[in-house]
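I opened my notebook beside the viewer today and wrote down each thing as I looked it up. Here are the entries, for anyone who likes to follow along.

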Amino acid sequence: MYVVKFEDLNKSDIGIAGGKGANLGELTQAGIPVPPGFVVTAETYEKFMEDSGINGQVMDILDKIDINDTKELQAAAEEIKSLIIATPIPDDMTTLIIEAYNQLCQRVDEDDTDVAIRSSATAEDLPEASFAGQQDTFLHVSGNDEVMEYIRKCWASLFEARAIFYREENNFEHSKVYIAVVVQKMANADKAGVMFTVNPSTGEEIALIEGSWGLGESVVSGDVTPDNYQVDKKNNEIVNVTISDKKVMYTNDEDGTSVKVEVPENMRKERVLSDEELIELTEMGKRVQAHYGEPMDTEWAFEKGNLFLLQARPITTLGDDVEVADDESSDLGEVIVRGLGASPGMASGKVKIVLDIDELDKIKDGDIMVTTMTTPDMVPAMRRASGIVTDEGGVTCHASIISRELGIPCVVGTGDATGTLKENSGVTLDGKKGLVFEGISETKEEATQATANVEAAPIITVTEVKANVSMPEAAEKAAATGADGVGLLRTEHLMLTSGVHPGKFISDGREDELIDTIADKVQIVADAFYPKPVWYRTLDAPTDEFITLEGGENEPEEHNPMLGWRGIRRELDQPEILKCEFKAIQKLHEKGYTNIGIMIPLSQNPEELKQAKAICSSIGFEPHKDVDFGMMVEIPAAAIMIDEYIKVGIDFVSLGTNDLTQYTLAVDRNNEFVAKHYSEEHPAVMKLIERTIRKCAEAGVTCSICGQAGSVPHIVEKLVAFGITSVSSNTDAIADVRKTVARAEQKIILDAARKRLE
Ligand code: PEP
Ligand code: MG
């Protein structure tokens, strides 16, 4: 069968329709209203590849490449994609697909109706395998020609470089992975929001509903404080209605793209959902919960009075929080090396000392990598290691950031681990306390697993709790925490793992390739979090880190790279790279990823903000209008001059306390000899933070934090009291931070209530 309607699919049809398609079918069959659509089956793709004869050609290309050679991989991906795009789709397939689309148009009574076209990949022997975020999604597609064009693009996206790499890394045979394509009417909501079918904090049988005007993006992304309703599911009694001031909404403009606009004055404080609508929603919640047999987290929309469900997933975390024992390392052997705890968890394994990049091969699965300091080329080997120990560095160095993201325990700044630890000896490391013990611990498996628990905590906070992401592969794990978006996407790590210096793309005249490289990687993150906001930080490229890349030979040797040519000052000297970055984000916006904002790093003068915005405008991508544009506060000068920056115009600010601390205290953050003098809680640093938050609050500018201090619960508690609007943490810290934020918010409410009683 080439084409199957949602009505004819259910959750066991993953092999035919992929996970996404099968789940939409399941909801449809259960009688839950979802926007109608159909799936172009995995078999259609298979037949297209076989009958046209290109399957053999594609497999031959794939057989020949070394996937670790980025250039070769990318060239092969381009060749295969072009081949698929240039191969005509047989007439009988085209006819059936167009017929299904036309039937959909008839059904919704609209010519050339707008549809979303989504990839839904599936593996022959392992239909449950997850390929989420590997392939493309296209929004607002309309008309026969466009529909066919984008279906073919979805098929081609099975051969994006990242998808090929992912399959090879995870031992999936290319020839046994197929792609189904979901074609679904775009929802055009008048009002939308989310519903938990039980109270997610207590498990009580109360439907908790949040709603606001326009498309659901405003609620999911946290752009508005939505109305909040609670309905007792036993008797449909509405037990709570809180109406808020809803300032913005998303609507579709004439050409169908979603845009953020102000809510008309008379609707801002108007109640969104009537009693009848609340009961209709609650009843639907009951049906979904009964159908799946468990409490569900759903997204809903009303369009012209009709209720639709856009998504439903189980609330997985009710009451199953795993705590990491605090003294997990108390009964281990002798401590042989001490350093800073950089990534929590316990790990045991054989020591492998890496003093040169040529020695990376000796790291086998489960070994402990011991090195002076990690570099970007070590990331593949870091992935194989069960733990990492470095001589140098602080808790915000390369080894720390990457190991936290990979979920690998890590101890940094040990001074001389490469000299003290013996090759091939067994050790156990405690990445929380920063200790390395002699011998292998029996209990490390359990402890590591507990630490790896990144399930979403069932707590709702007004202050958003977001995630820091550096590597696209880590995005899905970060999104699984239920984080409210990405408060920092570190581009330099994306670039570093691509292996090629961005300047080399420019000097070779390969700007388009640079744009695609950035866009492809950022899209994975934007997809995992869509439609929650993702703040893309433009390149902050320190010369000493970029020197190891292909084409990095020309990096100047600086006396102190931390104070040197990096951040926005470097980008303004090399505007071609900055332009490519802006073009990559613009391209993703055009593909529907309007959830991506831009943030500039390491600014010391409002003039830099002005210039960066002018470069963005020069490519026809208007800051504030087309894209949210913000900045990091990482230099005391920026914190002190925040008023001047606000005058130039910013949508948001994020406190980069890693750099703010080093520049305020004159302590190199990567230098273990002065690590004891490095503290974000130094009164001078805290004063700059408080001032920035206060000034932003006065001006109505969103203020967040993405430095390491945002992952430290007792500091976060203070920031909430100062009035911070969001906190961006490392994935492993999100659950704890969310609890701290909730407690701090409740304390503020309680204190205010007590004061009123006095
Ligand atoms: C910071 O400086 O706090 C920050 C988040 O940026 P980075 O750690 O990437 O310098
Ligand atoms: Mg920084």
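Entry: I started with Asp51, which is exposed, because its relative accessible area is 52% and the cut-off for exposed is over 50%. I kept in mind that this is a predicted model. Next I asked which residue forms a salt bridge with Asp51. I found Lys47, with the closest N and O atoms 2.6 Å apart. Both residues sit in helix H2 (residues 42-51), and because they are 4 residues apart there, about one helical turn separates them. Lys47 itself comes out as partly exposed, at 32% relative accessibility.

**Entry: a salt bridge across the sequence.** I then turned to Lys81 and Glu160, whose side chains meet in a salt bridge at 2.9 Å, N to O. Lys81 belongs to helix H4 (residues 70-86), while Glu160 is in the loop between H6 and helix H7 (161-169), so this pair ties together parts that are 79 residues apart in sequence. Are the two partners buried or exposed? Lys81 counts as buried at 13% relative accessibility, and Glu160 counts as buried at 7%.

**Entry: Lys362 with Glu423.** I noted another salt bridge here, between Lys362 and Glu423, where the closest N and O atoms are 3.1 Å apart. The pair links distant parts of the chain, 61 residues apart. I placed Lys362 in the loop between strand E16 (346-354) and strand E17 (368-371). Glu423 is in the loop between helix H12 (417-420) and strand E20 (426-430). Lys362 is partly exposed, with a relative accessible area of 27%, and Glu423 is also partly exposed, at 33%.

**Entry: the tally.** How many salt bridges does the structure hold? I read off 37. I also jotted down a network of salt bridges that links Lys504, Asp508, Arg510 and Glu513.

**Entry: the loop between H6 and H7.** I came back to this loop for Leu158, which has its place there. Leu158 is buried, with a relative accessible area of 1%. I looked up a C-alpha separation too: Leu158 and His174 are 16 residues apart along the chain, and their C-alpha atoms are separated by 9.3 Å.

**Entry: a charged patch.** Which residues form the negative surface patch? My list reads Asp109, Asp111, Asp112, Asp145 and Glu146. I followed up on Glu146, which lies in helix H6 (residues 144-156). Glu146 counts as partly exposed, at 31% relative accessibility.

**Entry: the magnesium ion.** I asked which residues are the protein donors of the magnesium ion (ligand 2). They are Glu634, through OE, and Asp659, through OD, lying 2.0 Å from the ion. Glu634 is in the loop between strand E26 (629-633) and helix H22 (636-640), and Asp659 is in helix H24 (residues 657-665), so the pair ties together parts that are 25 residues apart in sequence. I checked burial as well: Glu634 is buried, and Asp659 is buried too.

**Entry: beyond H24.** His677 lies in the loop between H24 and helix H25 (683-699). I have it down as partly exposed, with a relative accessible area of 49%. The C-alpha atoms of His677 and Gln662 are separated by 9.6 Å, and the two residues are 15 residues apart along the chain.

Entry: A reminder to myself: most residues other than glycine have a negative phi, and most peptide bonds are trans. With that in mind I noted Asn236, which has a positive phi of about 55 degrees although it is not a glycine. Asn236 lies in the loop between strand E8 (227-232) and strand E9 (237-242), and it is buried, with a relative accessible area of 16%.

Asn424 also went on the page, with a positive phi near 70 degrees in a residue other than glycine. I found Asn424 in the loop between H12 and E20. At 42% relative accessibility, Asn424 counts as partly exposed.

Pro531 lies in the loop between helix H17 (511-529) and strand E24 (534-537).

How values were computed: Residues numbered from 1 in each chain as written. Chains lettered and ligands numbered in written order. Predicted model: local features only at pLDDT ≥ 70, side-chain atom pairs only at ≥ 80, totals over all residues. Heavy atoms only, no water. Patch = residues over 30% accessible without salt bridge, like charges linked within 9 Å, V, L, I, M, F, W, Y side chains within 5 Å. Areas by Shrake-Rupley, 256 points an atom, 1.4 Å probe, with all protein chains shown as cover. Salt bridge = Lys/Arg side-chain N within 4 Å of Asp/Glu carboxyl O. Lys, Arg positive; Asp, Glu negative; His and termini not counted. Charge placed at Lys NZ, Arg CZ, Asp CG, Glu CD. Helix = DSSP H or I, 4+ residues; strand = E, 2+ residues; numbered from the N terminus. Buried < 20%, exposed > 50% of the residue type's maximum accessible area, 1.4 Å probe, protein only. Donors = N, O, S within 2.8 Å, 3.2 Å for Na, K, Ca; no water.
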